[in-house]
Amino acid sequence: MLGTTILLALGAAQAADIVDTAKSAGSFNTLVKAVQAAGLVDTLKGPGPFTVFAPTDEAFAKVPKDKLDALLKDKAALAKVLTYHVVPGKVLAADVKPGAVKTVQGSNLKVSTGGGAVMVDNAKVVKTDIAADNGVIHVIDTVVMPK
């Protein structure tokens, strides 16, 4: 019985979409709340593939509380910010190249790779290649805002 439970748990972990992967990580609670508030859950549970530059709870904590609260209440603005963190396709860390990358939101993110660090606009990538069945998550330390 225990073996079956472990196998089921492993199977579920391997079949998690972007949203469920973010939820289970435990460090993206604000991001998940924002995705829900923006009505993007179904999109990010869709077939993708997507590459998500996911800000941690600590990254969201850097945003002034009044600005974050206002953003969470403005569905259109929130969707614009969140989709700026998503790139179509599955881009693994080994495939990242410096330059402009078109986001789902429509603007370009600036990716740079100097000094041994990968930056996305002004955010540092702190963990890469968290696999989901419909894409990949790269963890960033700052919420990036579209221009």
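Author: Accessible areas here come from the Shrake-Rupley method with a 1.4 Å probe. The model is predicted, and the accessible surface of its protein chain comes to about 7900 Å².

Reader: What share of that accessible surface belongs to carbon and sulfur atoms?

Author: The accessible surface in question is that of the protein chain, about 7900 Å². The part of it that belongs to carbon and sulfur atoms is 61%.

Reader: Which peptide bond is cis, and where does its proline lie?

Author: Most peptide bonds are trans. In this chain, the bond from Gly48 to Pro49 is cis, with omega near 0 degrees. As for its location, Pro49 belongs to the loop that runs between helix H4 (41-44) and strand E1 (50-55).

Reader: Is Asp121, with its positive phi, buried or exposed?

Author: Most residues other than glycine have a negative phi. Asp121 has a phi near 50 degrees and sits in the loop between strand E5 (119-120) and strand E6 (123-132). Its relative accessible area is 18%, and the cut-off for a buried residue is under 20%, so Asp121 is buried.

Reader: How does Asp129, which also has a positive phi, count in terms of accessibility?

Author: Asp129 is found in strand E6, and its phi is about 55 degrees although it is not a glycine. Its relative accessibility is 34%, and values between the buried limit of 20% and the exposed limit of 50% define the middle class, so Asp129 counts as partly exposed.

Note on methods
Residues numbered from 1 in each chain as written. Predicted model: local features only at pLDDT ≥ 70, side-chain atom pairs only at ≥ 80, totals over all residues. Heavy atoms only, no water. Helix = DSSP H or I, 4+ residues; strand = E, 2+ residues; numbered from the N terminus. Buried < 20%, exposed > 50% of the residue type's maximum accessible area, 1.4 Å probe, protein only.
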